[in-house]
Amino acid sequence: MLLSSSSSSTIPLVVSIFIIILCMRSTEALVKLPENESIPAVIVFGDSIVDPGNNNNLATVSKCNYPPYGRDFQGGKPTGRFSNGKIPSDFIAEELGIKKLLPAYLDPTLQPADLLTGVSFASGASGYDPLTSKIGSAYSLSDQLEMFKEYIGKLKGLVGEERTSTILSKSIIFVVQGSNDITFTYFIVRQGHGDFASYADYLVTLASSFLKELFALGVRRVAVLSAPPLGCLPSQRTLAGGVQRECVDIYNDESKFFNSKLSSGLNSLNTNFPLAKFVYVDIYNPLLDIIQNPQKSGFEVVNKGCCGTGLIEVSILCNRYNPFTCNDTKKYVFWDSFHPTERAYRIIVSEIIQKYVDGFF
């Protein structure tokens with residue numbers, strides 16, 4: 001049950017101080033921040049790319065809290081992360097020197113101290129389009145926003161109004177959506193009801209509305225990730241790439257078109273909200289470069305995932321009973337037919353953090 005921020009309660013001062021001290025024990029930042037600047041927390045909204053397990057207890061097929069997911073995670077434990085190990089939200093928190101792992105907000109073992117350094121509200125199979133989340137039985141962005149409001153109330157109860165305001169305004173919020181909207185909702189459901197240009201405009205309008213709501217709640221630094229080269233995902237190669245399973249041009253073209261619209265929408269928001277930083281983060285080209293030039297990063301397999309045959313398996317089709325799962329994930333760009341491996345994620349996150357972090361100051 002979600003709680004309103006007004007339901008927060010005051011806890012003893014000594015407990016608050018103890019929690020703050022715990023949160024100061026962060027990992028060492030791998031990127032240099034401007035002098036006198038800080039990032040107290042990383043907060044994430046989005047889909048399966050950054051869902052560390054919020055879907056675990058949800059009645060949906062879009063979850064992966066079972067082997068072989070997580071086989072390269074700490075202790076080989078499946079946590080609900082859609083990969084063989086860590087996911088981008090973990091690496092972002094690590095690169096920024098905040099903590100090694102970014103927990104799911106709905107993790108039943110979440111501790112109060114975890115809240116002060118950030119959580120992920122992301123839900124696998126969600127999207128900007130409410131229909132996407134409905135189809136995937138996922139937590140929609142509206143649901144994630146309600147969780148965020150509850151989170152704010154908890155923060156106020158832990159450290160008070162002033163510190164909460166600082167956390168919200170100084171933290172970097174990451175929004176990762178759009179892939180499910182394009183690959184599933186548009187091409188399978190909405191394509192017959194209008195052209196993609198109109199749908200892309202619709203998605204950007206929804207994204208802009210969501211970002212405005214975040215601003216109203218006190219958020220000032222937001223990174224919005226682009227859509228990846230969806231036509232080069234193993235699943236899309238299998239479904240529409242022909243006998244040779246080539247990258248599907250139409251999916252990549254629509255990704256690029258949506259990305260151009262999204263970038264323009266963020267530029268408009270930056271003009272209208274000068275106190276905020278809405279930063280467009282291109283992940284299309286970094287992932288495409290790895291796929292087209294795998295040898296530069298030591299990859300060997302780019303057109304299929306490690307799990308099962310790698311052609312179509314994702315979520316429940318990627319399971320311990322599939323005898324074809326690979327032995328060495330380091331050779332693979334993709335873990336399953338839709339999600340990259342931990343190693344690919346690490347490379348991409350390192351690149352984007354180095355490129356974009358200065359844009360928040």
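C307 and C318 are joined by a disulfide, with 2.0 Å from S to S. In this predicted model, a search of the whole structure turns up three disulfides, and there are 22 aromatic pairs to look at as well. Here is a friendly walk through both.

**The disulfide of C307 and C318**
- The torsion about the S-S bond of C307 and C318 is about 105°, so this disulfide is right-handed.
- The pair links distant parts of the chain: C307 and C318 each sit in the loop between β5 and β6, eleven residues apart.
- C307 is buried, with a relative accessible area of 0%, and C318 is buried with a relative accessible area of 0%.

**The disulfide of C306 and C326**
- The sulfur atoms of C306 and C326 lie 2.0 Å apart, forming a disulfide.
- Here the S-S torsion is about -95°, so the link is left-handed.
- C306 and C326 both lie in the loop between β5 (301-305) and β6 (332-334), so the pair ties together parts that are 20 residues apart in sequence.
- Both C306 and C326 are buried.

**The disulfide of C232 and C247**
- C232 and C247 form a disulfide with their sulfur atoms 2.1 Å apart, and with 120° about the S-S bond the link is right-handed.
- C232 is in the loop between β3 (221-225) and α8 (234-240), while C247 is in the loop between α8 and α9 (249-272), so the bond ties together parts 15 residues apart in sequence.
- C232 counts as buried at 1% relative accessibility, whereas C247 counts as partly exposed at 25%.

- Counting bonded cysteines along the chain, the disulfides follow the pattern 1-2, 3-6, 4-5.
- The closest cysteine sulfur to that of C64 is in C318, 8.3 Å away, which is too far for a bond.
- C64 counts as buried, at 0% relative accessibility.

**Aromatic rings around F45**
- F45 and F121 form a stacked pair, 5.2 Å centre to centre with 20° between the planes.
- That pair links distant parts of the chain, 76 residues apart: F45 is in strand β1 (residues 42-46) and F121 in the loop between α3 (112-117) and α4 (130-136).
- F45 and F121 are both buried.
- The rings of F45 and F210 have centres 5.2 Å apart and planes at 80°, so this pair is edge-to-face.
- F210 lies in helix α7 (residues 196-216) and F45 in strand β1, so the pair ties together parts 165 residues apart in sequence.
- F210 counts as buried, at 4% relative accessibility.

**Other ring contacts**
- One aromatic cluster is made up of Y186, F187, F196, Y199, Y202, Y251 and F257.
- R220 lies over the face of F215, 3.8 Å from the ring centre.
- R343 lies over the face of F299, at 4.3 Å from the ring centre.

Note on methods:
Residues are numbered from 1 along each chain as its sequence is written. This is a predicted model: local features need pLDDT of at least 70, side-chain atom pairs count only at pLDDT 80 or more; totals for chains, interfaces and linings use all residues. Side-chain values use heavy atoms; hydrogens and water are left out. Rings of Phe, Tyr and Trp (its six-membered ring) pair if their centres lie within 6.5 Å; planes under 30 degrees apart count as stacked, over 60 as edge-to-face and the rest as tilted. Helices (H or I, at least four residues) and strands (E, at least two) are DSSP runs, numbered from the N terminus. Buried means under 20% relative accessible area, exposed over 50%, partly exposed in between (1.4 Å probe, protein chains only). A charge sits over a ring if NZ of Lys or CZ of Arg is within 6 Å of the ring centre and within 35 degrees of the ring normal. A disulfide is a pair of cysteine sulfur atoms within 2.5 Å.
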